[in-house]
Amino acid sequence: MRRCAARRPQWEVAGWYRLVVVRQVAPLNSGASSGSVPVASDLMSDTASPDPELFDKIVNLSKRRGFVFQSAEIYGGFRSTYDYGPLGVLLLRNVKDAWWRSMVQERHDVVGLDASILSPPQVWQASGHLANFSDPLVDCTNCNARHRLDKLDDPNVCPSCGATGSFTEAREFNLMFKTHAGPVTETAAEVYLRPETAQGMFINFANVLNTSRKKPPFGIAQIGKSFRNEITPGNFVFRTREFEQMEMEFFVPPAESQQWYEYWCQARMDWYLDLGMSPDKLMLRAHDEDELSHYSSGTSDVEYLFPWGWDELEGIANRGDFDLTQHANASGEKLDFFDQANNERYVPHVIEPAAGATRTAMAFLMDAYDEETVNDDTRTVLRLDPRLAPYKVAVLPLSKKDTLTPTALEVFDSIKGRWMTDYDETQSIGKRYARQDEVGTPYCVTIDFDTLEDRAVTVRERDSRAQERISLDQLEAYLAERLR
Ligand SMILES: [Zn+2]
C-alpha cells in the first residue's frame, strides 16, 4: 500500500495516501484515536464480504446501457481510459453536484475554485511531487518484463518468467505527465498536467483570502480532472491515468486542527451514508503511524467494500502547515493570516478531504445494484438515491400511437425543466419498465388511453413497483414530494 516506504523513508509527497490501496481483508482494528469518528469496528458488520461476481455485472451494465464505454473503442480501445456515456455523464454529474452542494452551497465557510490543469514546474518542485511522486521500477533482464518493485511478492523473483536475480537496479518512475507549452520543446517550456487538484487551492490561498472576505476556519473546494501516469491502472474506472477529483482544503488556526480533522472525518462519512451507501460496506480507516507522511498528524481513508475488497474512496488528512509553508518559501509570497482579534500572525493548518469522483460514482453504482425475483423472472434494479439517479422520471406512452403522443409530450414538457426526464415510446410497457429499473429511474409516468378521458396518469415507483393513478394537474407536486 505504501510506495516503497522501506526503501524511501523520506517519502514526503503531498497526497501519496490518495494513491491506490488494494487488499483483500479489512483491518478490523483501525486504531483511530478520535472519539467521535466512526471507525472500522463501529461500522463493519461481520457479514460484509466482497462480491466478486458484481464486478462483471457492473462492467456489462455500464457498456450495455451507456454508463461507461472503453475509450477509442472503434480503434481497439485505449487501455485504462474510459468515456462516460449518456447515463454515466448524468450519474457522475449528480455525484459531483451532491458533493458541491454539501461542501460549498450549504456552507458559509467554503468557497469554490476551478484552477488550471497545466502548471509550471515550480508548483511541483515546492509540493515535492517532482522529487518524490514516483514508483520504483525494475526490469527483468531475462524476459524484459517491467514490474513495480513494491508490488512484487519476492523482490528477487520475476513473476513473469520465474527467473531469480534477473532484475536491474530500481529506477524511480515519476507519475506526472509532462508536456510542453507553446511551440518549443526545450526544457524551459516544460509544464505538467496536475496529478492532484489540491495545489491549485494552496497557490490561490492569498487570492481567495484577499477577495472572499473569509478568514480561518474556511475552505476552498474544487472538482476537476487530474492525471497520473500509473504503471498498473486497473479495476475498470477505479484506477485510471485520467480521473476526476473532489477536493477541499480547509484552513484552520493551528490549535483547532485536531477538532476540525475529526469534524471532517465525521462529515464525510455522513455524506456517503446520507446518499444511501450501505453502512456495512463503508468504513473509516485511520492510517497507522508508519503510513503517515511526516507532516501529517492524522490521515483516515473512507473505504468501500468493492468486489475485489476494501479500497479507498477518499482520504481525510490533517496536513499541518506543510503546504502553505512550502509554497511561501518557494515563491517568496506571504501565505499566512493575521488574526486581528488576538494580534497574532500564523500559517493556517490544513484539513483536506480529498475524494475520487469517478471511483465514488462507480461505488454508488455497485452499491445500488440489486437483482430480485419477480414472477419467476429476475429483475435488475439500481436502487440509487433519487439525487444520484441519471433520470428522475421516465415518460412512457402506453403505445406508440399518434393519439397518445401529444399528451405524452405535453407531460414531458411539463416536468423536463425541473427534473432530468427520459422519454421512450417503443417496446412493450413491461420491457420499458425493466429498462428504467435497470438504470435506476425512480418514477415512470405512463400515459394510456384513459388519460385522454380523465387527464390522469399512472406513476410507478421503482423499488416497490407500486402504481398510483395521479391527476395530471397534481403530477408535479406528487413528484416534488418524493424527489429531493
Ligand atoms: Zn522475467
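## Where α3 meets α10

In this predicted model, helix α3 (residues 86-105) and helix α10 (residues 357-368) cross at roughly 110°, with their axes coming within 9 Å. Angles from 65 to 115 degrees count as roughly perpendicular, so that is the label α3 gets relative to α10.

Who makes the contact? On the α3 side it's Leu-91, Leu-92, Val-95 and Lys-96, and α10 brings Ala-357, Thr-358, Thr-360, Ala-361, Phe-364 and Leu-365. Sorted by class, the contact of α3 with α10 comes to seven nonpolar, two polar and one charged residues.

## The β18-β19 hairpin

Next up is a hairpin built from β18 and β19, with two residues between them. Strand β18 covers residues 369-374 and strand β19 covers 377-382, and six bridges hold the pair in the antiparallel sense. In the turn, Asn-375 has a positive phi of about 50°.

## β5 and its two partners

Strand β5 (residues 134-139) pairs with strand β7 (residues 171-174) in the antiparallel sense, over four bridges. Within that pairing, Leu-137 has Arg-171 of β7 as its bridge partner.

β5 also runs antiparallel to strand β6 (residues 146-148), this time with three bridges joining them. Here Asp-139 stands opposite Arg-146 in β6. β5 and β6 make a hairpin with six residues between the strands, and Asn-144 in that hairpin takes a positive phi near 70°.

## A three-strand open sheet

There's also an open sheet of three strands, ordered β4-β9-β8, with antiparallel pairing. Its edges are β4 (118-119) and β8 (178-180); each has a single partner strand, so one side of each is left without a neighbour in the sheet.

The link between β4 and strand β9 (residues 190-193) consists of two bridges, with the strands running antiparallel. To find the spot in the structure, go to Ser-119, which stands opposite Tyr-192 in β9.

## Domains

How is the protein divided up? Its domain assignment lists domain 1 as 28-117 + 198-365 and domain 2 as 391-482.

Definitions and conventions. Residues numbered from 1 in each chain as written. Predicted model: local features only at pLDDT ≥ 70, side-chain atom pairs only at ≥ 80, totals over all residues. Pairing = 2+ DSSP bridges. Domains from an automatic or database assignment. Axes fitted to C-alpha atoms, helices over the stretch in contact; angles between N-to-C directions. Parallel < 35°, antiparallel > 145°, perpendicular 65-115°, else oblique. Contact = placed C-beta atoms within 7 Å. Nonpolar A, V, L, I, M, F, W, Y, C, P; charged D, E, K, R; others polar.
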